[in-house]
Amino acid sequence: MKFPASVLASLFLFVAETIAALYLSSTYRSDGDRMWQALTLLFSLMPCALVQFTLLFVHRDLSRDRPLVLLMHLLQLGPLYRCFEVFCLYCQSNQNEEPYVSITKKRQMPKDGLSEEVEKEVGQAEGKMFTHRSAFSRASVIQAFLGSAPQLTLQLYITVLQQSITTGRGVIMTLSLLSIVYGALRCNILAIKIKYDEYEVKVKPLAYICIFLWRSFEIATRVIVLVLFTSVLKIWVVAVILVNFFSFFLYPWILFWYSGSPFPENIEKALSRVGTTIVLCFFTLLYAGINMFCWSAVQLKIDSPDLISKSQNWYRLLIYYMMRFIENSVLLLLWYFFKTDIYMYVCAPLLILQLLIAYCTGILFMLVFYQFFHPCKKLFSSSVSESFRSCLRCVCWSRVRRKSTEIVVKADTDLKSRTDQDQDHNQDVTPSTSMLSPEPTETWSAVDLCSA
(Lines give C-alpha, C1' and ligand atoms only; values in the text may rest on other atoms or scores of the structure.)
Protein backbone atom coordinates (compact mmCIF):
# COMPACT_ATOMS: atom_id res chain seq x y z
CA MET A 1 0.00 0.00 0.00
CA LYS A 2 1.29 3.45 -0.92
CA PHE A 3 2.14 5.97 1.76
CA PRO A 4 -0.80 8.43 2.11
CA ALA A 5 1.24 11.54 1.26
CA SER A 6 -1.72 13.32 -0.37
CA VAL A 7 -3.77 12.97 2.83
CA LEU A 8 -0.92 14.40 4.89
CA ALA A 9 -0.46 17.34 2.48
CA SER A 10 -4.19 18.15 2.54
CA LEU A 11 -4.29 18.05 6.33
CA PHE A 12 -1.19 20.23 6.67
CA LEU A 13 -2.56 22.95 4.40
CA PHE A 14 -5.97 22.82 6.08
CA VAL A 15 -4.61 23.13 9.64
CA ALA A 16 -1.85 25.64 8.81
CA GLU A 17 -4.14 27.99 6.92
CA THR A 18 -6.83 27.85 9.61
CA ILE A 19 -4.34 28.65 12.37
CA ALA A 20 -2.79 31.48 10.34
CA ALA A 21 -6.25 32.95 9.62
CA LEU A 22 -7.22 32.85 13.31
CA TYR A 23 -3.95 34.55 14.29
CA LEU A 24 -4.32 37.22 11.62
CA SER A 25 -7.92 37.94 12.63
CA SER A 26 -6.76 38.48 16.20
CA THR A 27 -4.22 41.06 14.98
CA TYR A 28 -6.94 42.85 13.00
CA ARG A 29 -9.07 42.93 16.13
CA SER A 30 -6.26 44.44 18.19
CA ASP A 31 -5.74 47.09 15.48
CA GLY A 32 -9.45 47.92 15.41
CA ASP A 33 -10.06 46.66 11.84
CA ARG A 34 -13.37 44.93 12.49
CA MET A 35 -14.29 44.54 8.82
CA TRP A 36 -10.99 42.86 7.89
CA GLN A 37 -11.34 40.62 10.94
CA ALA A 38 -14.87 39.53 9.97
CA LEU A 39 -13.95 38.80 6.35
CA THR A 40 -10.82 36.87 7.36
CA LEU A 41 -12.85 34.70 9.74
CA LEU A 42 -15.59 34.22 7.12
CA PHE A 43 -13.17 32.95 4.46
CA SER A 44 -11.58 30.66 7.04
CA LEU A 45 -14.56 29.15 8.89
CA MET A 46 -16.95 28.78 5.93
CA PRO A 47 -14.69 26.34 4.01
CA CYS A 48 -14.00 24.50 7.29
CA ALA A 49 -17.71 23.70 7.61
CA LEU A 50 -17.91 22.67 3.94
CA VAL A 51 -14.89 20.38 4.35
CA GLN A 52 -16.55 18.64 7.32
CA PHE A 53 -19.72 18.11 5.28
CA THR A 54 -17.71 16.78 2.32
CA LEU A 55 -15.89 14.20 4.42
CA LEU A 56 -19.19 13.03 5.93
CA PHE A 57 -20.86 12.86 2.52
CA VAL A 58 -18.08 10.90 0.80
CA HIS A 59 -17.81 8.38 3.67
CA ARG A 60 -21.64 8.17 3.92
CA ASP A 61 -21.51 8.62 7.68
CA LEU A 62 -24.78 10.56 7.80
CA SER A 63 -26.77 7.33 7.41
CA ARG A 64 -24.62 5.28 9.81
CA ASP A 65 -24.49 5.15 13.58
CA ARG A 66 -21.11 6.74 14.34
CA PRO A 67 -21.66 9.35 17.07
CA LEU A 68 -17.94 9.90 17.76
CA VAL A 69 -17.24 10.74 14.13
CA LEU A 70 -20.18 13.15 13.99
CA LEU A 71 -19.01 14.82 17.20
CA MET A 72 -15.48 15.28 15.84
CA HIS A 73 -16.87 16.89 12.71
CA LEU A 74 -19.11 19.19 14.72
CA LEU A 75 -16.01 20.31 16.64
CA GLN A 76 -14.29 21.00 13.28
CA LEU A 77 -11.78 18.23 14.05
CA GLY A 78 -13.00 15.80 11.42
CA PRO A 79 -9.90 15.98 9.16
CA LEU A 80 -7.63 15.19 12.14
CA TYR A 81 -9.73 12.17 13.07
CA ARG A 82 -9.81 10.96 9.45
CA CYS A 83 -6.06 11.34 9.15
CA PHE A 84 -5.64 9.26 12.32
CA GLU A 85 -7.83 6.54 10.74
CA VAL A 86 -5.74 6.65 7.56
CA PHE A 87 -2.45 6.07 9.37
CA CYS A 88 -4.00 3.29 11.45
CA LEU A 89 -5.07 1.57 8.23
CA TYR A 90 -1.65 2.09 6.71
CA CYS A 91 0.16 0.57 9.69
CA GLN A 92 -2.22 -2.40 9.96
CA SER A 93 -2.10 -3.20 6.25
CA ASN A 94 1.61 -4.01 6.40
CA GLN A 95 1.15 -6.41 9.32
CA ASN A 96 -2.06 -8.37 8.71
CA GLU A 97 -2.99 -10.35 5.62
CA GLU A 98 -6.61 -9.87 4.66
CA PRO A 99 -8.71 -13.00 4.03
CA TYR A 100 -11.26 -11.22 1.82
CA VAL A 101 -10.24 -9.40 -1.31
CA SER A 102 -12.06 -8.08 -4.35
CA ILE A 103 -10.81 -8.25 -7.92
CA THR A 104 -10.79 -5.17 -10.09
CA LYS A 105 -10.03 -5.06 -13.80
CA LYS A 106 -8.11 -2.17 -15.29
CA ARG A 107 -6.88 -1.71 -18.82
CA GLN A 108 -3.32 -0.62 -19.40
CA MET A 109 -2.30 2.22 -21.66
CA PRO A 110 -2.23 0.97 -25.26
CA LYS A 111 1.13 0.02 -26.72
CA ASP A 112 1.39 -0.30 -30.48
CA GLY A 113 -2.38 0.06 -30.66
CA LEU A 114 -3.05 -2.82 -28.25
CA SER A 115 -4.39 -2.54 -24.69
CA GLU A 116 -4.26 -5.39 -22.18
CA GLU A 117 -6.67 -5.89 -19.31
CA VAL A 118 -5.04 -6.57 -15.94
CA GLU A 119 -6.71 -8.03 -12.87
CA LYS A 120 -5.73 -6.69 -9.47
CA GLU A 121 -6.64 -7.87 -5.97
CA VAL A 122 -7.87 -5.10 -3.71
CA GLY A 123 -8.27 -5.73 0.00
CA GLN A 124 -10.71 -4.05 2.35
CA ALA A 125 -8.01 -1.84 3.85
CA GLU A 126 -6.88 -0.65 0.43
CA GLY A 127 -10.49 0.06 -0.55
CA LYS A 128 -10.98 2.15 2.59
CA MET A 129 -7.70 3.95 1.88
CA PHE A 130 -8.91 4.77 -1.62
CA THR A 131 -12.08 6.28 -0.14
CA HIS A 132 -10.02 8.37 2.30
CA ARG A 133 -7.77 9.66 -0.49
CA SER A 134 -10.77 10.54 -2.64
CA ALA A 135 -12.46 12.35 0.26
CA PHE A 136 -9.36 14.40 1.11
CA SER A 137 -8.83 15.26 -2.55
CA ARG A 138 -12.34 16.66 -2.83
CA ALA A 139 -11.92 18.48 0.47
CA SER A 140 -8.71 20.08 -0.82
CA VAL A 141 -10.52 21.39 -3.91
CA ILE A 142 -13.30 22.88 -1.77
CA GLN A 143 -10.83 24.41 0.68
CA ALA A 144 -8.84 25.90 -2.18
CA PHE A 145 -11.52 27.63 -4.25
CA LEU A 146 -14.20 28.43 -1.68
CA GLY A 147 -11.79 29.52 1.04
CA SER A 148 -8.17 30.03 0.06
CA ALA A 149 -8.87 31.90 -3.20
CA PRO A 150 -11.11 34.56 -1.59
CA GLN A 151 -8.71 34.73 1.36
CA LEU A 152 -5.68 35.36 -0.85
CA THR A 153 -7.56 38.03 -2.83
CA LEU A 154 -8.66 39.77 0.38
CA GLN A 155 -5.23 39.80 2.03
CA LEU A 156 -3.50 41.00 -1.14
CA TYR A 157 -6.08 43.78 -1.46
CA ILE A 158 -5.43 44.85 2.15
CA THR A 159 -1.68 44.84 1.44
CA VAL A 160 -2.15 47.10 -1.59
CA LEU A 161 -4.33 49.54 0.34
CA GLN A 162 -2.02 49.72 3.36
CA GLN A 163 1.15 49.58 1.22
CA SER A 164 2.77 47.30 3.77
CA ILE A 165 2.88 43.61 4.49
CA THR A 166 3.05 42.04 7.94
CA THR A 167 4.50 38.66 8.81
CA GLY A 168 1.10 37.12 9.54
CA ARG A 169 -0.36 38.38 6.27
CA GLY A 170 2.64 37.17 4.29
CA VAL A 171 2.37 33.69 5.84
CA ILE A 172 -1.34 33.33 5.15
CA MET A 173 -0.96 34.58 1.56
CA THR A 174 1.78 32.02 0.94
CA LEU A 175 -0.28 29.21 2.46
CA SER A 176 -3.38 30.29 0.54
CA LEU A 177 -1.52 30.31 -2.77
CA LEU A 178 -0.09 26.85 -2.07
CA SER A 179 -3.55 25.62 -1.10
CA ILE A 180 -5.10 26.93 -4.32
CA VAL A 181 -2.38 25.46 -6.51
CA TYR A 182 -2.58 22.13 -4.68
CA GLY A 183 -6.37 22.13 -5.01
CA ALA A 184 -6.12 22.83 -8.74
CA LEU A 185 -3.57 20.01 -9.05
CA ARG A 186 -5.90 17.59 -7.24
CA CYS A 187 -8.72 18.76 -9.52
CA ASN A 188 -6.62 17.86 -12.57
CA ILE A 189 -5.79 14.41 -11.18
CA LEU A 190 -9.42 13.76 -10.18
CA ALA A 191 -10.59 14.76 -13.65
CA ILE A 192 -8.11 12.38 -15.29
CA LYS A 193 -9.06 9.46 -13.03
CA ILE A 194 -12.80 10.01 -13.53
CA LYS A 195 -12.55 10.43 -17.30
CA TYR A 196 -10.33 7.37 -17.71
CA ASP A 197 -11.75 5.24 -14.90
CA GLU A 198 -11.37 1.97 -16.82
CA TYR A 199 -7.63 2.51 -17.34
CA GLU A 200 -4.74 2.21 -14.93
CA VAL A 201 -3.56 5.80 -14.62
CA LYS A 202 -0.01 6.54 -13.47
CA VAL A 203 1.01 10.19 -13.14
CA LYS A 204 4.74 10.82 -13.46
CA PRO A 205 6.65 13.36 -11.30
CA LEU A 206 7.33 15.59 -14.31
CA ALA A 207 3.58 15.79 -14.89
CA TYR A 208 3.07 16.99 -11.30
CA ILE A 209 5.78 19.63 -11.75
CA CYS A 210 4.28 20.82 -15.03
CA ILE A 211 0.78 21.10 -13.51
CA PHE A 212 2.17 22.93 -10.48
CA LEU A 213 3.93 25.53 -12.66
CA TRP A 214 0.92 25.89 -14.94
CA ARG A 215 -1.47 26.50 -12.05
CA SER A 216 0.95 28.75 -10.14
CA PHE A 217 1.36 31.23 -13.01
CA GLU A 218 -2.31 31.12 -13.96
CA ILE A 219 -3.77 31.60 -10.46
CA ALA A 220 -1.23 34.16 -9.22
CA THR A 221 -1.75 36.30 -12.32
CA ARG A 222 -5.52 36.10 -12.05
CA VAL A 223 -5.55 37.12 -8.38
CA ILE A 224 -3.20 40.07 -8.96
CA VAL A 225 -5.32 41.31 -11.89
CA LEU A 226 -8.50 41.18 -9.80
CA VAL A 227 -6.83 42.98 -6.88
CA LEU A 228 -5.43 45.76 -9.10
CA PHE A 229 -8.81 46.30 -10.73
CA THR A 230 -10.61 46.26 -7.35
CA SER A 231 -8.25 48.87 -5.92
CA VAL A 232 -9.35 51.49 -8.48
CA LEU A 233 -12.90 50.45 -9.46
CA LYS A 234 -14.51 48.89 -6.40
CA ILE A 235 -18.09 48.98 -7.69
CA TRP A 236 -17.38 47.60 -11.16
CA VAL A 237 -15.54 44.58 -9.77
CA VAL A 238 -18.85 43.37 -8.34
CA ALA A 239 -20.27 43.28 -11.88
CA VAL A 240 -17.20 41.40 -13.15
CA ILE A 241 -17.47 38.80 -10.38
CA LEU A 242 -21.23 38.33 -10.79
CA VAL A 243 -21.00 37.93 -14.57
CA ASN A 244 -18.21 35.36 -14.21
CA PHE A 245 -19.94 33.50 -11.42
CA PHE A 246 -23.42 33.25 -12.91
CA SER A 247 -22.05 32.40 -16.36
CA PHE A 248 -20.31 29.29 -15.05
CA PHE A 249 -23.01 28.51 -12.47
CA LEU A 250 -25.90 28.54 -14.95
CA TYR A 251 -24.07 27.02 -17.94
CA PRO A 252 -24.38 23.34 -16.76
CA TRP A 253 -28.05 23.85 -15.91
CA ILE A 254 -28.74 25.39 -19.32
CA LEU A 255 -27.10 22.39 -21.04
CA PHE A 256 -29.10 20.03 -18.83
CA TRP A 257 -32.36 21.80 -19.63
CA TYR A 258 -31.53 21.91 -23.35
CA SER A 259 -30.72 18.16 -23.44
CA GLY A 260 -34.19 17.26 -22.11
CA SER A 261 -32.79 14.55 -19.81
CA PRO A 262 -34.75 13.47 -16.72
CA PHE A 263 -33.76 14.74 -13.30
CA PRO A 264 -30.82 12.66 -11.94
CA GLU A 265 -31.80 10.33 -9.12
CA ASN A 266 -28.67 8.16 -8.85
CA ILE A 267 -26.29 10.51 -7.06
CA GLU A 268 -27.04 9.17 -3.58
CA LYS A 269 -29.79 6.71 -2.70
CA ALA A 270 -30.33 8.19 0.77
CA LEU A 271 -31.00 11.67 -0.64
CA SER A 272 -34.44 12.95 -1.50
CA ARG A 273 -35.18 15.06 -4.55
CA VAL A 274 -34.59 18.25 -2.54
CA GLY A 275 -31.32 16.89 -1.15
CA THR A 276 -30.17 15.91 -4.64
CA THR A 277 -30.96 19.43 -5.88
CA ILE A 278 -28.94 20.94 -3.01
CA VAL A 279 -25.97 18.69 -3.78
CA LEU A 280 -26.12 19.56 -7.50
CA CYS A 281 -26.29 23.28 -6.69
CA PHE A 282 -23.26 22.87 -4.43
CA PHE A 283 -21.34 21.14 -7.23
CA THR A 284 -22.20 23.90 -9.69
CA LEU A 285 -21.20 26.47 -7.05
CA LEU A 286 -17.81 24.80 -6.71
CA TYR A 287 -17.53 24.56 -10.51
CA ALA A 288 -18.16 28.30 -10.84
CA GLY A 289 -15.67 29.07 -8.05
CA ILE A 290 -12.94 27.07 -9.78
CA ASN A 291 -13.51 28.67 -13.19
CA MET A 292 -13.47 32.10 -11.60
CA PHE A 293 -9.73 31.71 -10.98
CA CYS A 294 -8.51 28.99 -13.36
CA TRP A 295 -9.56 26.32 -15.84
CA SER A 296 -11.48 23.59 -14.02
CA ALA A 297 -10.12 20.79 -16.27
CA VAL A 298 -13.60 19.20 -16.23
CA GLN A 299 -16.92 19.90 -17.86
CA LEU A 300 -19.80 19.49 -15.44
CA LYS A 301 -22.58 17.33 -16.88
CA ILE A 302 -25.59 17.08 -14.60
CA ASP A 303 -27.33 14.23 -16.47
CA SER A 304 -24.21 12.01 -16.19
CA PRO A 305 -23.87 9.54 -13.27
CA ASP A 306 -20.34 10.83 -12.58
CA LEU A 307 -21.49 14.47 -13.06
CA ILE A 308 -18.51 14.97 -15.37
CA SER A 309 -18.31 14.84 -19.13
CA LYS A 310 -15.68 12.31 -20.25
CA SER A 311 -15.13 13.85 -23.68
CA GLN A 312 -12.01 15.92 -24.34
CA ASN A 313 -12.97 19.21 -25.99
CA TRP A 314 -9.94 21.26 -27.02
CA TYR A 315 -12.05 24.03 -28.51
CA ARG A 316 -13.76 24.75 -25.18
CA LEU A 317 -10.31 24.96 -23.60
CA LEU A 318 -9.14 27.33 -26.34
CA ILE A 319 -12.21 29.55 -25.99
CA TYR A 320 -11.83 29.73 -22.21
CA TYR A 321 -8.21 30.88 -22.30
CA MET A 322 -8.80 33.31 -25.14
CA MET A 323 -11.70 34.93 -23.29
CA ARG A 324 -9.79 34.96 -20.00
CA PHE A 325 -6.75 36.56 -21.62
CA ILE A 326 -8.94 39.24 -23.20
CA GLU A 327 -10.68 39.86 -19.88
CA ASN A 328 -7.40 40.18 -17.98
CA SER A 329 -6.07 42.57 -20.62
CA VAL A 330 -9.18 44.77 -20.44
CA LEU A 331 -9.08 44.85 -16.62
CA LEU A 332 -5.41 45.82 -16.68
CA LEU A 333 -6.05 48.59 -19.20
CA LEU A 334 -8.86 49.97 -17.06
CA TRP A 335 -6.57 49.85 -14.03
CA TYR A 336 -3.93 51.72 -16.02
CA PHE A 337 -6.33 54.51 -16.99
CA PHE A 338 -7.90 54.89 -13.53
CA LYS A 339 -4.94 54.15 -11.24
CA THR A 340 -4.55 56.37 -8.17
CA ASP A 341 -1.58 57.90 -6.37
CA ILE A 342 -0.79 54.70 -4.46
CA TYR A 343 0.77 53.40 -7.69
CA MET A 344 2.96 56.47 -8.12
CA TYR A 345 6.19 54.51 -7.84
CA VAL A 346 4.99 51.57 -9.95
CA CYS A 347 5.93 51.31 -13.61
CA ALA A 348 2.45 50.47 -14.87
CA PRO A 349 3.31 49.45 -18.48
CA LEU A 350 6.06 47.12 -17.24
CA LEU A 351 3.73 45.57 -14.65
CA ILE A 352 1.02 44.96 -17.27
CA LEU A 353 3.58 43.37 -19.59
CA GLN A 354 4.91 41.13 -16.81
CA LEU A 355 1.43 39.94 -15.84
CA LEU A 356 0.43 39.13 -19.42
CA ILE A 357 3.72 37.29 -20.00
CA ALA A 358 3.20 35.34 -16.75
CA TYR A 359 -0.28 34.31 -17.85
CA CYS A 360 1.04 33.21 -21.24
CA THR A 361 3.77 31.26 -19.43
CA GLY A 362 1.09 29.38 -17.51
CA ILE A 363 -0.68 28.56 -20.78
CA LEU A 364 2.64 27.34 -22.21
CA PHE A 365 3.14 24.91 -19.31
CA MET A 366 -0.44 23.70 -19.82
CA LEU A 367 0.25 22.95 -23.49
CA VAL A 368 3.48 21.15 -22.56
CA PHE A 369 1.58 19.01 -20.05
CA TYR A 370 -1.15 17.97 -22.48
CA GLN A 371 1.31 17.40 -25.32
CA PHE A 372 4.06 15.47 -23.51
CA PHE A 373 3.24 14.56 -19.88
CA HIS A 374 -0.47 13.71 -19.78
CA PRO A 375 -0.74 10.11 -18.52
CA CYS A 376 -3.50 9.28 -21.04
CA LYS A 377 -2.26 11.19 -24.07
CA LYS A 378 -2.28 7.96 -26.13
CA LEU A 379 -6.06 7.86 -25.79
CA PHE A 380 -6.59 11.32 -27.26
CA SER A 381 -8.38 11.30 -30.59
CA SER A 382 -6.24 14.32 -31.48
CA SER A 383 -3.34 15.94 -29.67
CA VAL A 384 -3.11 19.58 -28.68
CA SER A 385 -0.80 20.44 -31.56
CA GLU A 386 -3.06 18.73 -34.11
CA SER A 387 -6.14 20.50 -32.76
CA PHE A 388 -4.45 23.89 -32.88
CA ARG A 389 -3.09 23.19 -36.36
CA SER A 390 -6.57 22.28 -37.58
CA CYS A 391 -7.94 25.41 -35.91
CA LEU A 392 -5.27 27.54 -37.58
CA ARG A 393 -5.97 25.85 -40.92
CA CYS A 394 -9.67 26.67 -40.54
CA VAL A 395 -8.84 30.29 -39.73
CA CYS A 396 -6.36 30.58 -42.61
CA TRP A 397 -8.75 28.85 -45.01
CA SER A 398 -11.58 31.19 -44.01
CA ARG A 399 -9.30 34.18 -44.58
CA VAL A 400 -8.10 32.87 -47.95
CA ARG A 401 -11.67 32.12 -48.95
CA ARG A 402 -12.75 35.57 -47.87
CA LYS A 403 -9.92 37.17 -49.85
CA SER A 404 -10.69 35.07 -52.91
CA THR A 405 -14.35 36.03 -52.64
CA GLU A 406 -13.38 39.67 -52.39
CA ILE A 407 -11.10 39.32 -55.42
CA VAL A 408 -13.85 37.62 -57.44
CA VAL A 409 -16.38 40.23 -56.41
CA LYS A 410 -13.91 42.98 -57.28
CA ALA A 411 -13.15 41.36 -60.63
CA ASP A 412 -16.87 41.04 -61.39
CA THR A 413 -17.39 44.67 -60.42
CA ASP A 414 -14.48 45.81 -62.62
CA LEU A 415 -15.70 43.69 -65.51
CA LYS A 416 -19.22 45.03 -65.17
CA SER A 417 -17.97 48.61 -64.99
CA ARG A 418 -15.76 48.05 -68.03
CA THR A 419 -18.69 46.54 -69.91
CA ASP A 420 -20.85 49.51 -69.04
CA GLN A 421 -18.10 51.89 -70.16
CA ASP A 422 -17.66 50.01 -73.43
CA GLN A 423 -21.38 50.15 -74.08
CA ASP A 424 -21.43 53.88 -73.40
CA HIS A 425 -18.43 54.38 -75.63
CA ASN A 426 -19.99 52.37 -78.45
CA GLN A 427 -23.12 54.46 -78.20
CA ASP A 428 -21.02 57.62 -78.54
CA VAL A 429 -18.91 56.33 -81.42
CA THR A 430 -21.60 54.52 -83.47
CA PRO A 431 -22.99 56.96 -86.14
CA SER A 432 -26.66 57.55 -86.66
CA THR A 433 -28.60 56.22 -89.58
CA SER A 434 -28.54 59.64 -91.20
CA MET A 435 -24.78 59.68 -91.06
CA LEU A 436 -24.44 56.19 -92.39
CA SER A 437 -26.79 56.74 -95.35
CA PRO A 438 -25.23 58.64 -98.29
CA GLU A 439 -26.29 62.19 -98.81
CA PRO A 440 -28.84 62.62 -101.53
CA THR A 441 -27.28 63.99 -104.72
CA GLU A 442 -29.07 65.92 -107.37
CA THR A 443 -29.45 63.99 -110.59
CA TRP A 444 -29.35 66.14 -113.78
CA SER A 445 -31.01 64.72 -116.73
CA ALA A 446 -30.14 65.71 -120.36
CA VAL A 447 -33.35 67.69 -120.67
CA ASP A 448 -32.49 69.71 -117.65
CA LEU A 449 -29.01 70.35 -118.98
CA CYS A 450 -30.35 71.49 -122.29
CA SER A 451 -32.87 73.74 -120.73
CA ALA A 452 -30.21 75.12 -118.44
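Glu218 and Arg215 both belong to helix H7 (residues 205-232), where they stand three residues apart, about one turn of the helix. Their side chains form a salt bridge in this predicted model, with the closest N and O atoms 3.2 Å apart. The protein chain as a whole contains 14 helices and two strands, and a search of the whole structure finds four salt bridges.

**The chain as a whole**

- The protein chain has 452 residues, and buried residues make up 42% of them.
- The accessible surface of the protein chain comes to about 26800 Å². Carbon and sulfur atoms account for 65% of that surface.
- Among contacts in the protein chain with a separation of 6 or more, 74% are between residues 24 or more positions apart.

**Salt bridges within helices**

- An α-helix has 3.6 residues a turn, so residues three or four places apart point the same way.
- In helix H4 (residues 78-93), Glu85 and Arg82 lie three residues apart, about one turn of the helix. The side chains of Glu85 and Arg82 meet in a salt bridge, at 3.8 Å from N to O. Both Glu85 and Arg82 are buried.
- In helix H10 (residues 314-338), Arg324 and Glu327 are three residues apart, so about one helical turn separates them. Their side chains meet in a salt bridge, at 2.4 Å from N to O.
- Arg324 is buried, with a relative accessible area of 4%. Glu327 has a relative accessibility of 17% and therefore counts as buried, the limit being under 20%. Salt bridges that share partners join Arg222, Arg324 and Glu327 into one network.

**Helix H11**

- Helix H11 (residues 348-373) has 26 residues, and at 1.5 Å a residue these should span 38 Å.
- The buried residues of H11 include Ala348, Ile352, Leu355, Leu356, Ala358 and Tyr359. Also among them are Gly362, Ile363, Met366, Phe369 and Tyr370.

**Contacts around Phe43**

- Phe43 is placed in helix H2 (residues 34-59). With a relative accessible area of 18%, Phe43 is buried, because the limit is under 20%.
- Phe43 and Gln151 are 108 residues apart along the chain, yet their C-alpha atoms are separated by 5.7 Å.
- Leaving aside residues up to four places away in sequence, Phe43 touches Gly147, Pro150, Gln151 and Leu154.

**Two residues with positive phi**

- Gln76 is a residue other than glycine, and its phi has a positive value, near 65°. Gln76 is found in the loop between helix H3 (67-74) and H4. At 34% relative accessibility, Gln76 counts as partly exposed, because this value falls between the limits of 20% and 50%.
- Ala297 is not a glycine either, and it has a positive phi of about 70°. Ala297 is found in the loop between helix H9 (273-293) and H10. Its relative accessibility is 7%, so Ala297 counts as buried.

**Confidence of the prediction**

- The protein chain averages a pLDDT of 81, and 80% of the residues score at least 70.
- Among the elements of the protein chain, H7 has the highest mean pLDDT, at 94. Helix H14 (residues 446-451) has the lowest mean pLDDT, at 39.
- Over residues 430-452 the pLDDT is below 50. Beyond near neighbours in sequence, this stretch has two contacts in the model.

Terms used. Residues are numbered from 1 along each chain as its sequence is written. Side-chain values use heavy atoms; hydrogens and water are left out. Helices (H or I, at least four residues) and strands (E, at least two) are DSSP runs, numbered from the N terminus. Buried means under 20% relative accessible area, exposed over 50%, partly exposed in between (1.4 Å probe, protein chains only). Contact means heavy atoms within 4.5 Å. Accessible areas come from the Shrake-Rupley method with a 1.4 Å probe; for residues, only the protein chains shown count as cover. The expected span of a helix is 1.5 Å times one less than its number of residues. pLDDT is the predictor's confidence in each residue, from 0 to 100.
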